Structure formats: structure tokens, C-alpha cells
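Subject: Structure handover

Hello,

Here is the structure for you to open. Please keep it on screen while you read my notes below.

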Amino acid sequence: MSCGGMWCRGELCRVGLRVKLPCLLGSWFMVLICCFQVNTLSKQLSSEFTDIMNEIWANEAVKSAVLISSKPGSFIAGADLDMIEACKTSQEVAQLSQEGQKMLEKIEQSPKPVVAAISGSCLGGGLELAIACHYRIATKEKKTVLATPEVLLGLLPGAGGTQRLPKMVGLPAAFDIMLTGRNIRADRAKKMGLVDQLVDPLGPGVKSPEARTIEYLEEVAIDFARGLANRTVSAKRSKGLMQKLTDYAMAVPFVRQQVYKTVENKVRKQTKGLYPAPLKIIETVKAGLDQGHDAGYLAESQNFGQLAVTKESKALLGLYRGQVYCKKNKFGTPQQEVKTLAVLGAGLMGAGIAQVSVDKGLKTILKDTAQQGLDRGQQQVFKGLNSKVKKKSLTSFERDSILSNLTGQLDYKGFEKADMVIEAVFEDINIKHKVLKEVEAVIPAHCVFASNTSALPISQIAAVSKRPEKVIGMHYFSPVDRMQLLEIITTDKTSQDTAASAVAVGLKQGKIVIVVKDGPGFYTTRCLGPMLAEVVRVLQEGTDPKKIDAISTAFGFPVGAATLIDEVGVDVATHVAEDLGKAFGERFGGGSIELFKLMVEKGFLGRKAGKGFYIYQEGVKNRSVNSGMDEILARFKLPAKPEVCTDEDIQMRLVTRFVNEAAMCLQEGILSSPVEGDIGAVFGLGFPPCLGGPFRYVDSYGAKQLVDKLRKYEAVYGSQFTPCQLLLDYANNPSKKFHQ
Amino acid sequence: YSSGVLPTLLLTYVPKENNFPSFLVYTESQNYLAVQPKSKKTLTKSGVKNIVVVEGVRIPFLQSGTSYADLMPHDLARAALQGLLNRTSVPREVVDYIVYGTVIQEVKTSNVAREAALGAGFSDKTPAHTVTMACISSNQAMTTGVGMIAAGQCDVVVAGGVELMSDVPIRHSRKMRKTMLTLNRAKTLGQKLSLLSKIRPDYFAPELPAVAEFSTSETMGHSADRLAAAFAVSRLEQDEYALRSHTLAKKAQDGGLLLDVVPFKVPGKDTVTKDNGIRPSSMEQMGKLKPAFVKPYGTVTAANSSFLTDGASAVLLMSEEKALAMGYKPKAYLRDFVYVSQDPKDQLLLGPTYATPKVLEKAGLTMADIDVFEFHEAFAGQILANLKAMDSDWFAQNYMGRKSKVGAPPLEKFNTWGGSLSLGHPFAATGCRLVMTTAHSLKKEGGQYGLVAACAAGGQVRHSLLLSLSARVP
């Protein structure tokens, strides 16, 4: 029923838009098709688009229009961020928002139906454009996702999204979409009423599957565009009973107020008031629903403008750009692609690494020394994949075929075909040396040996290698399947190709990769060291674990500092603290390491042992403080220094030591750029995202102010707080910023 | 209903006098000279026995829920086997082996081959087994027989297939089954009561046979719709093709060409003498139907898909030697076959495209040598997509690893007596029908080579593979 591809007027080409005018032979019925050739909404695109919309209304022969993208993989992936960043004032941004609102309102009020044909990312402004259309058709491909990720950038949907979404999907669902910014797959979007029709992706035909799928989407969209104009298709959705009931309830002002209140409380609890965007979103939606159309749109543009100039937004935007930066392989394409991976040690880390590898299609050997450990590891991989089956993001068949990539074994069979070996055995240099030698006896010449360690220097591990150029560090974070960061460590001897290979594998595993130089604790562990030492000192000074957690989460850390130690494992923390203490001396002092040692002795190893600072019980949500710690804390008690023990001082003591150490890593060349430092701290260690990472924090807080703080604490505690030279340099020159 | 399986059978007509008939008539006379030397070539392989189809029959294929509704699968199979015995008068002790195909298995007669053979008057000394391979189950039964004869294990094999879609096994839920099985082991009344007390309303929800491909969770019809879209096959083309199938089937039925049909006296009902799914309609009527799978804009409808069918078929296979010794005039030689398999998601129904060139190359023939093409018609869209795929250089180069396309079979030689769309498609019984139609058609048209192809998907057991098989008779 498609029009058969008769283009009666050829194509009008512009920079960002291509317009095709198809017509049906023998009639003057036309559907105008606008193809986006870029994937962001820029000023230029907007003006071209407005011109074309005007043409649509002016041309009698055109009865309806289809919007589609000719850019593979995306419909419109959002507004042009440069355009927003280029604005100097909130008024300027608000102005942009208003222009967007006007353009989309024009589409919404168009007497001729406009159909959005969506394949690939439909994000932010793209989604707002789609919901301003009269009908939406989306392909059911995995790459087709709809979302309003503005909140993740500290913004709000600023082109009518806050006003249209609640009307479209109901208030609760709209809040969910806008406040979480999460990705919605096409089938889910259909259920929510966000799209009207789905198109299944096609297999190979007489064209490539991708090309034909887009063409088919266009054909289907043209059919519907024609149907809408003919009135043989209705754009009205039949709402389900649940939605009808919800809509009915939301029409009652009292109920609505309750919803606002509940959502607001939840947001305040989760953001600790550190992120302004979610609250502004609620406020904007409220304005529209309670005070009407004009007030709603005005609030949206004003709030959008205000948010765009906040430091939180700038921090989040910086992280976004940093992420993009860390998703590229700076070392180029490796000579030999890694197809077979071997992981040594089926513990939590080893199995986690295996899981994120097999599901990307890497043939993976998981080797352990004991059947029991291997079984546990294989079960972990199965469980990880099976949870996706339960969430329906994977079918059981896909799970099984992914698992067929995994071979569990106790010997070195098949290692002669491995392209890379990642060892995740116990953190003991002797054991690491032993496996390195064993592995080098069986692997082929090109095979990379990567060590997953959180603190042992890679050069020390590589010391016994016959081919140190092939040895590299790959520091994963636990739990591997959820933590996005991978810290890759190169030694002086590591070859470029080895680094390229490791980064390629990391990116394939879906990781955000930072590459740092070798040294005790590398970058991430090293930054964490002084902070944790300070946590111990604060504990010794009589602040209880719950309080420390509250203070650190209030600053923006996603996990409280005491809980973090429990999660890491007290034994691991002790180990690392000792190693780093030996390497860096007094600077890593502060709290007493003996406190940790006593905890280990008592079996308070943290979450994995069920006891640490807290008691962990299966199924119990509100964990209680471990009373067994009272005695230990009492034994190591230190007198508190009231002049540096306010909540804010405690926060700053933790953070300044972290930031100072990060700066020192940059100063020493462990880090190659502040961007990687920020990304590593936020994605690996949970540094408050609203601050954008230690370096952005120095920029926004002011290097001078930070140095002043350090000096203040230095006066009380000594050299642990001595600011590094790099920070002093920045403090002395106010125009110097880590991020321009 | 079929998953990724497709067989191609290459058949050749057996002339009366000798292997190289002088009366070879090609419809395309311009091909005659070019082709003749090649056609003279015997496809006999040295050291391998010639295997022949002596005869084949089927009971009429009926839409499910009609006259066969109250029977069991082995009843239908029995009728086909009896029909074969009657038609051939083969002494029962001569039959060395029986192989039957079935897709949706009746749990009471899991080896339906044996149950049917016993009831049909075959010797109880003749072993029988059942095979399954989705819609090409009886192709699998036939090639199993071919293998047995070629290996010298048997001289006479009966192969066939049966499907009864009027009744399918519907099970208790897994929870309920578990409770019932545990109940068997409960010893005391207390234990039994405590087990029974655990039963909840959701335990009673029945479990239907899966209609979706196990590996992809996609139904066959949905897959066919996507396939049609991938090859840009329009609704109009599909309806036209379906109408052609019904029209040709009607003509063949009225003309008495469907020689393999044997009447079946259904207990308690009248004798069934002909297929009841052939209904040539009009384009207008067909155009009114709504899409059945991809709603509301898809192109596959009830009218351009094969319908749920009950039926059974059987063929008598022998080594050529044996057949001649017994005084039979074989209807066809089974020459070559090949099974192929593809991606079960996007190429589920594209088997014939892959299998056809393969079997031709194996036999040293080209498309032009083939006089009769019998392809299984699961969906009109699927057939048309296969024809387009075979006619596409792009597809051949990018997906089949070939330099150029094979070319589509000419429609005047293609399913000229109707197909599964019109005659019906009792999954496992279709393969034998395709072979017998080819044999009869070769004889009528005076052709030499015939090619059978089918794509298959599983009923309940879905293999993620596509196959095709082919055989030929000189």
C-alpha cells in the first residue's frame, strides 16, 4: 500500500534537511517527507525546519507530512549542547527554549497531520519534537530508545516536554520519564502511549537490513500520514482502564497535590537537595497543570534558562563530555583483535569480568584452581544474565547462547588460542608472579597479560615477565557488571599496541576507560586512600558510622564513607592502606590502621562477612550499627578537635584530601588529563556527580579557597593536608582553570 | 507454523523404456539443444544404488475441525498406509522398515509410525520409527528411508507423515504437573492433603503448544510478514499469488490430476474423497481481510497464508533392483537431497533460496534443466520473497557467498497444481505430497527433472536450523 516510490518533484536538499515529495499516481495527494541529516537540533536546523513547515501549510497539494531521519542510528538525539553552552546568560537560554516551544507548537497546531517516524535515539529535544507531532511510529530495534535525559545534564525538557508529557502518558509516568531520564525501549513506549505504532526491524532482503528497515518505516509512516489526512486513521489513542482511572484521579486538584508532594519528598530524599533540576521539573509541570498553558510554557523556558547556568548543570555536562571522551580508543586499532579472552580466578571480580565479556560475544575461558570456586563463578555469570531475562531485556534463548561463549575449567587448556589473559587472582604479589609465569608458558606470543589489581604496581608484577611490553593493568570495579569504569594502567615498558588492545577490550565490554600511569594505587585507589584514612580518624574522634554516612551522602557521595569501607571489605582496605602507607609515608596517615586490623581479627570484614561497621542480614533493609564495634572504637578513641569538627569541616577534611591527592596524580603524570581524573573519580569512586569530579570541583570552588581549607587543617593535623604544588599554582593564578 | 527448516527434493521422471527417454519434451524449445546433452547424463552415482518411488498416496487434506476432528493422528496415518497397501498390493512381509514424520506429537502415540503400521495391517515384524523436523518431517522420513536403502540395510521402506491440528496436546501448568507427580509419591493422607492444599487458582491455567519459535519467540506468521516487507512484497502481490494457488488447485482437482489422493471412510461419517480447503475467491474478497499478524498495517492475512490442516501421506520407496524384480514401474528416482539451515530470526523462511542452487550444483544441473518445481507454500509472502531472493544478485553476493543469482524458477513450471496455500498444509504430511505431485506432474508434462523445496519451522520442537533436501529421478 505504499506509494511505490514515485517522487514527483525530486528532492529539495538543504544542509540539515532533505525533503522528498512523493505522490500517488493519478491523484494530487501528497505526503511531504522531511529527512533530518543531522542528529542534533541546532539553530540552523530549526530555521530551515520552520521554513519547510511553512511550505507544508502553504502548499495545497500537501495533505500531510512525515518526519524521519536519514542519519543511521538516531532520529534526533537532542538539542545541540554547544548551542546551549554558548549562551552567556540565563535569558539567552530561555530565549532558545521559547523559540523551540514556538516551533513545536506550530507543529502541534498544524491542520495537516504530521507523523514522526522514529528509528534510533529519540532523546531530549528529539522526543519533544516527536510528541509535538500528531502520530508516532517507532521501530522495535534495540537502538530505538526514547528518553528525556535533560535531568542527567541538570536541565529540564525545555521545548514543551514538561507540558506535553503529562497530558500524553499521565502525571506519574511523565514524572518518571523526566525525573529519571531513563531510556524507554520502543515496545515499552507503545504500552505507555508514547508511540502509536511499532515497526519490526527487517532482515536481509534485496537491500541491507538497516537500509530496508528505514525504507519500510518510511513506507508505513506514509501510509499512516495519508490515513490521518483521509481520516481513515484516528490519532486518538484508546486508553486502557488503568490510564483512564489515573487520568480521572489526576484531574482532582487534591490528588494532584498529593502526587506533587510525594514525588517532591522522594526527590528531596534522593538528591539531598544537591540537584536543582528535578525540583524545577516538578515546579514546571505544576505550573502548567495548575495555572494553565501560558504559565506552564513560561515557567518551562524560565526554569530551563536558570538551570542551564547552574554549576550543577555545568558539572554534569562536563561529565557527559568526559564520558564521550573516555569512550574512544586513543591508542588506535590494535594489530590483533581480541576474540578469545581468558580470565584467571572465578571470584567476584573474575566472574564479573567474564560476564561483561561473554555478553559482548567474546569467547571467554574462566579458569580457577578449585571446582567449588569455579562453580560459584559460573553461577554468578548465569545469575547476572538471568536477571536480564527476568527483566525481559534478554530472552532465555539469548542467555543460553551467550553462555555458550563461556568455558569454565581448572587447567590451562585452550590458552594457546587466547588473545588476552586477565588475571583476577588474590592480591598477593607472589601469587601474581606465579600465575604470570604459568600463563606465559602456555600463551601465544601476541597474547596480552592484564592484571586486575587495585593497588599492586604493575611494573612489580611485570618484573618476572619474559615480555613486559605485553603486561598491563586493568583495574575493574566491583560489581563489574554494574560499575561503568575501567582504569587501565600502563608501565614504562607497556607497548602502545598492548594499551590499544586493553582499551579496545574495555570499550567492547561497555566500560568507560581511563588510562593512567603505573604507581602505587594508580589513580583511583590512591585518591581513595587519604580519604579513608581521614574517615578512620573521624571515627576515632567519636563520630559514629551512621553520622559519617549521613555527612558524606549529604555532600553528594552516593554511598556513605563508612558503608563504602564495608563494601570494599575491611581486609582489602587494610591491605591497600598498608601498601600505600609504605609507598607514600606520612601523607597517607591519619586514622590508625590498627583499628582496621582489629576489625579483621574480629571477623568484621564488611558486607561479605555480614558484619563490618554495620550488620548485614539477608532480606533486612534497615541495617543496624554493629555493636561489636563500640569496643574497638573506644579502644582507639582520640580527642576531637572542636575547631575542625563541624559537619562541614568533616566533609571538607574528607574531600580536600581526596582532591589534593588527585591533583598530585596529575602533577606527577599518573593522570594524563583532568578529564580522566574527573571521570575516574565519579564513575569509579562515586565522587559527587553534581560537583563534576575533583578537578571541576577545584574550578568551581576556587583553588585558592580550597588551599585555604587545606592550610587550616594542616595547622591542626600536619602534613597530611599540605597542598600539592599544582594546587598552589592554581591558587596563585585565579585565571587558571583545569577545565576551560 | 514452521521454523527454520527447508528441504529441496530433486526428482526425475522415470521413462518407460530406459533411463534416457527419447520423448524428452521441453516446454522451452529454445533450450532444447543446449540442454539436451546434459539431460542425457544419468544422475546415477557409481557405487550407490538407485532409489525409486514406487507409489505414494495421501488421504484428502482437510481443514482442521472438519471431518477428521474426532480422530487421532495414528488413525489418519493408518488410513494413508492402508491406502498405500491397497494401491500397490505390496506383500506386507516385503516391507523392511517404516518411518513416519510428525510435528505436534500426540503423547499417547509418541511412536505414531508403529501404532499406525500395526493398525494398518503391516507385519508386526516390521520395525517403525517416528521422526520430526518441523514442516519437513516427512521429507526427513523419506531421506531416512533413502539412507537405509543406500546403505544396503533395507530394500523396501515405507515413509510418510501425519498431522492432526484438530486436536493438540494442552497440558496442565508446570506447577500443577509437579504437584501431581509429587502426589504420586505422597504416602499418608496428611501428606496428600498438605500437597493438595498448596494448589492455587493459577495452577489451573493450561499450557498451550507454543505458537512461537522457541529461539526467537516470534510466530511464523509474524516472521513471514517481516520477510515479505524485507523483500518489499506487497499485499496485492501476495493476494494474487494466493488466488493463483487456489485457482490452479481447483483446476487440478477438477481435472483429476491429484492422483495421490485416496478416499478415506471416516468412522461414523461419510467417505472423504477430496481436499476441502480449495476455495478460489476474488481479489476483492481477499482484499477485505485484515492483517493477521502485524496489525494494523501488515500484509499477511488468513487468505494468503496456509491454513491449519489435518492429513496424512505415505510413499513406498525401493531400490531400483528390487522394484524391477517385483515387477513395479517406479514413478520417480530420488536422486539428491540437501538440507540447509539459516538464522532462525530473519531468514527463517528463506531455505528454498539457499537449498535450490546447492542441490542443483550437487547434481550438475542448472535451473533450466528443471521441468517441474514444487515448493512448499507456507505463506504467499514467503514464496514471493524466496522468488525475489533467488532473483537478486545483491542477496546472492551478500548472503549466499555466490557471484551471482541463481534465478527464480519460471512460474509456468512452478506449483502448477496448487500448493500448501490451497491444498492445505498438515505439517509433517506435506513433504510426501510435494514429491508425489512432482512425480505425477513430470509424467504428465513429459519432463525429466523435478525439484522439491520446502521451508520448515517447528511445531512444538523448533530447531533453529533451516534445511533443504533434494532428490532426482532419471
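There are zero salt bridges between chain A and chain B. Bear in mind that this is a predicted model. What does join the two chains, then? Across their interface there are four residue pairs in polar contact, with both residues at pLDDT 80 or more.

Now the makeup of the side of chain A that touches chain B. Two elements of chain A give two or more residues to that side: strand E11 (197-199) and helix H8 (209-230). H8(A) has the largest share, with five residues. Sorted by class, the side of chain A that touches chain B has eleven nonpolar, five polar and three charged residues.

How much area is buried at this interface? The size of an interface is often given as the accessible area lost when the parts come together. Here chain A and chain B bury about 1,700 Å² between them. Carbon and sulfur atoms carry 63% of that area. Three residues stand out on chain A: Pro204(A), Val206(A) and Phe397(A). They supply 33% of the area that chain A buries against chain B, more than any other three residues. In residues, the contact takes 19 from chain A and 19 from chain B.

Next, the salt bridges. How many does the structure hold over all chains? The total is 60.

Start with Glu85(A) and Arg321(A). Their closest N and O atoms are 2.7 Å apart, and they form a salt bridge. This pair links distant parts of the chain. Glu85(A) sits in helix H2 (residues 81-85) of chain A, and Arg321(A) sits in helix H13 (residues 311-325) of chain A. The two are 236 residues apart.

Then look at Arg607(A) and Glu567(A). Their side chains meet in a salt bridge at 2.9 Å, N to O. Arg607(A) lies in the loop between helix H24 (593-601) and helix H25 (628-635) of chain A. Glu567(A) is in helix H22 (residues 561-568) of chain A, 40 residues apart from Arg607(A). Arg607(A) is partly exposed at 43% relative accessibility. Glu567(A) is partly exposed at 40%.

Glu55(B) pairs with Arg87(B), with the closest N and O atoms 3.8 Å apart. Glu55(B) belongs to strand E2 (residues 51-58) of chain B, and Arg87(B) to helix H2 (residues 73-88) of chain B. They are 32 residues apart. Glu55(B) has a relative accessible area of 8%, which is under 20%, so Glu55(B) is buried. Arg87(B) is partly exposed at 33%.

Back in chain A, some salt bridges share partners. They join Glu534(A), Arg537(A), Glu541(A), Arg653(A) and Arg657(A) into one network.

Last, chain A as a whole. It has 30 helices and 19 strands. Its radius of gyration is 28 Å, close to the 27 Å that the globule rule gives for 740 residues, so chain A is as compact as a globular protein of that length. Its C-alpha atoms fill a box of roughly 90 × 60 × 50 Å along the principal axes. Buried residues make up 57% of the 740 residues in chain A. Among contacts in chain A between residues at least 6 apart in sequence, 71% join residues at least 24 apart.

Best wishes

Terms used:
Residues numbered from 1 in each chain as written. Chains lettered and ligands numbered in written order. Predicted model: local features only at pLDDT ≥ 70, side-chain atom pairs only at ≥ 80, totals over all residues. Heavy atoms only, no water. Contact = heavy atoms within 4.5 Å. Buried area = accessible area lost by both parts, 1.4 Å probe. Salt bridge = Lys/Arg side-chain N within 4 Å of Asp/Glu carboxyl O. Polar contact = N/O pair within 3.5 Å; in protein donor to acceptor, adjacent residues only side chain to side chain. Helix = DSSP H or I, 4+ residues; strand = E, 2+ residues; numbered from the N terminus. Nonpolar A, V, L, I, M, F, W, Y, C, P; charged D, E, K, R; others polar. Buried < 20%, exposed > 50% of the residue type's maximum accessible area, 1.4 Å probe, protein only. Rg over C-alpha atoms; globule rule 2.2 N^0.38 Å.
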